[in-house]
Structures are given as structure tokens and as C-alpha cells.
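Reader: I should like to learn how to read a protein structure feature by feature. Could we begin with the terms and then turn to the case at hand?

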Amino acid sequence: MKINGVNTTSISKLNGTSLSLISKFGGVSLPAGSSYMVATGGTLTQVGNYKIRTFTSTDNFVVTQLASSAPNNIIKILVVAGGGAGGGKYVAGGGGAGGLIENTSYSLSSGATTYAVIIGSGGTGNFNYQLPGGNGTNSSFDSNVSIGGGGGASHQAYAQIGGSSGGGAGLGNGSSSYELGAAGTAGQGSSGGNGSGSGPYYGAGGGGGFSSSGGAGTGSTGGNGGSGVLSAINSNYYSGGGGGSVYTTSGTAGTGGIGGGGDGGLGGDGVSGSVNTGGGGGGAERDGYATGGNGGSGIIVIAYYSP
């Protein structure tokens, strides 16, 4: 049934009164609505009284009917962007985690309709010391946009800004500014750690995570990736930063932050961030053509009351 051309399944209130309390409109009986939201999309799991739809690739969240009771249309959302990659060889910094938004009391903007769910990809690592690790790409749902993580610095390339941002190089070629971690995006992540700029092993900075900044490198250790966060929706960790590398195998590389961050390189490539966590990739070590770890892809999780 429609009221003024709008399906009643898309209406929660009429002239300020909840539709669930109205039995007739203009003398015509209204159809009984569902007590719960009806929707499709993603991978469905049932946890207690909630249906949880998990999206690991771009898709649609299709709401075919709103609940007749307005409080049952309040949903929970987690939106995680792709993580940044670690920088390439020559004591590179770790990649920053993908930006993260979690809201456990969210109202859809347009009622019962189709909502695009865009999953960001992780940044791509490289072995060129004149290029930083690649930034992750954004994830989005409805009006919520999480920013892709920033790539880690290399020997002659700056750390990149993102949701959480990349760590600085252990040693800058011609400028100490290459050793600086980049600032994170307020509300979505944290800054990358600074590289040491000192021997004997020139530890690079770790990439920022959602909950904390990347660790600073020292003369003998790479900085650890910043910590991610435990989701209140599905109890998994997301958005950990990538670890910073060190100059030789005699040093100690930084570890990836909890939430999918990859470890920094020790004698070779950085470790990639875990898929569908938004984790940052680890920075690459000096030996050979070592490549920074790729960032982990993003994820979106939507939960709604439906026993």
C-alpha cells in the first residue's frame, strides 16, 4: 500500500505518529507491518536476536521492509577501509591501517531501499625506494566513508596520510623529513611512528592503527604497528598498523598491530596485512629488491534486530 505515492513499508511515522499505532488512514485500513526489518545482501549469520550481514566485497544492502516499530529500525554498522602498504626496501615504514567507523545506533538515511556497499582494497607494496607504499582505498555505506590507510615511507619517499597513516623511514636519503610518520584522520585512525635516523640498524616507524599511533623506530628495532580495535558488533579486531623494518637481519623488525597489521621486513619483504581487516602492510628491509607488504582489504558489517 502507498500513502502519497510512498510505500508504507518505507514509512516509520505519519504526521509525527508511529505508523505501528495507526490502523487506518483516510478511512482505509493499513496493512500490518513486520515487527522486524527485512533485508538482504552479504553473508548472513544469526547471533542472538540480531541478524549480522558481513560484506567482504562490493555489494548491495537491500532493505525490502522496515520494522513496524521504529526502535527496531536502528542498526549497527562497522565500516573499515583498505589498509596502506608498507614502503619498499631501504628500511621502510609500515603502512597505516584503514580508517574505521563503528556506530551501534545508526538510522538509515532513506528507509526501505537499496544501499551500495563499497569495500576498499588494500594498498600495493613496491620495491622502489623513491616511492611510498600505496594507500588503501575508501570503504563506504550510506553516508559513512572510511578513509584508506596511508602508505609507509621509503628511503626517499614520504609517509602518506590516510585513515591511519604510514610510518617514517629508518633513514632518509638526503632529508630527515622522510623519517617522519604522517598524521592520521581524526575519528578514524592514528599517526604513523617516526623512523630512528640512527644506526646501527636504522629502525623504521610503524604504521598507525585505529586505537594507537605506530611505534617509533630505534637504532636497533623497527617500530611496532599501532593497535586496532575490537568490534562491538562481531568481537573481531580490525585496523592494526603495519610494523617498521630494520636495516639488516641483526636488528629486530616491528610487529604488526593487533587487527591485521603485517610485520616489518627482516632480511626481505614486509608481511601483508590480513585480508578484510584493513590492516597495514609491513615495511620492507634493505636486502635485494625487498617489497613492502600489501595492505589488507576492508570490510563492512551491518547488524539489525530480528530474532
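Author: Let us begin with exposure. A residue counts as buried under 20% relative accessible area and as exposed over 50%, and it is partly exposed in between. The structure shown is a predicted model. In this model Tyr90 has a relative accessible area of 22%, so Tyr90 is partly exposed.

Reader: Where is Tyr90 found, and what is the value of its phi?

Author: The general idea comes first: most residues other than glycine have a negative phi, and most peptide bonds are trans. Tyr90 is found in the loop between β11 and β12, and its phi is positive, near 50°. Asn276 is likewise not a glycine and has a positive phi of about 55°. Asn276 lies in the loop between β17 and β18.

Reader: Which residues does a cis peptide bond join?

Author: The cis bond joins Gly199 and Pro200, with omega at about 10°. Pro200 has its place in the loop between β15 (144-146) and β16 (229-230).

Reader: How should I read a sheet, and in what order do the five strands of the open sheet stand?

Author: Strands of a sheet pair through backbone hydrogen bonds, either parallel or antiparallel. Here the order is β8-β9-β18-β11-β12, with antiparallel pairing. At the edges stand β8 (43-47) and β12 (100-107), each of which pairs on one side only. On average, neighbouring strands of this sheet are turned by 15° against each other, direction ignored.

Reader: How many bridges join β11 to β12, and how many join β11 to β18?

Author: Six bridges join β11 to β12, and five join β11 to β18. On the β12 side, Ile75 has Tyr106 as its bridge partner; on the β18 side, Lys76 stands opposite Ala303. Strand β18 also pairs with β9 over six bridges, and there Lys51 is opposite Tyr304.

Reader: Is β11 mostly covered or mostly open?

Author: Strand β11 is mostly covered, with five of its seven residues buried. The largest core has 20 residues, of which Phe61, Val63, Ile75, Leu108 and Phe141 touch the most other members. Strands β10, β11, β12, β13 and β18 each supply at least two residues of this core. A second, separate core of ten residues includes Leu78, Val80, Ile233 and Tyr238.

Reader: Which residues does Ile75 touch?

Author: Leaving out residues up to four places away in sequence, Ile75 touches several residues, including Met37, Leu108, Phe141 and Ile302.

Reader: Is Ser146 buried or exposed?

Author: Ser146 has a relative accessible area of 0%, which means that it is buried. Ser146 is found in strand β15. A polar atom of the Ser146 side chain lies 2.7 Å from the backbone oxygen of Val79. Beyond its neighbours within four places in sequence, Ser146 is in contact with residues including Val79, Val80, Gly99, Asn138 and Gln188.

Reader: What is the mean pLDDT of the protein chain, and over which residues does pLDDT stay under 50?

Author: The mean pLDDT of the chain is 91, and 89% of its residues reach 70 or more. Over residues 18-24, however, pLDDT stays under 50; the model has 19 contacts beyond four places in sequence for these residues. Where pLDDT is low, the predicted coordinates should not be read in detail.

Definitions and conventions
Residues are numbered from 1 along each chain as its sequence is written. This is a predicted model: local features need pLDDT of at least 70, side-chain atom pairs count only at pLDDT 80 or more; totals for chains, interfaces and linings use all residues. Side-chain values use heavy atoms; hydrogens and water are left out. Two strands pair if DSSP finds at least two bridges between them. Helices (H or I, at least four residues) and strands (E, at least two) are DSSP runs, numbered from the N terminus. Axes are lines fitted to C-alpha atoms, for helices over the stretch in contact, and angles run from 0 to 180 degrees between N-to-C directions. A nonpolar core is a set of buried Ala, Val, Leu, Ile, Met, Phe, Trp, Tyr and Cys residues joined through side-chain atoms within 4.5 Å. Buried means under 20% relative accessible area, exposed over 50%, partly exposed in between (1.4 Å probe, protein chains only). Contact means heavy atoms within 4.5 Å. pLDDT is the predictor's confidence in each residue, from 0 to 100. A polar contact is a pair of N or O atoms within 3.5 Å; within protein, one must be able to donate a hydrogen and the other to accept it, and residues adjacent in sequence count only if both atoms are side-chain atoms.
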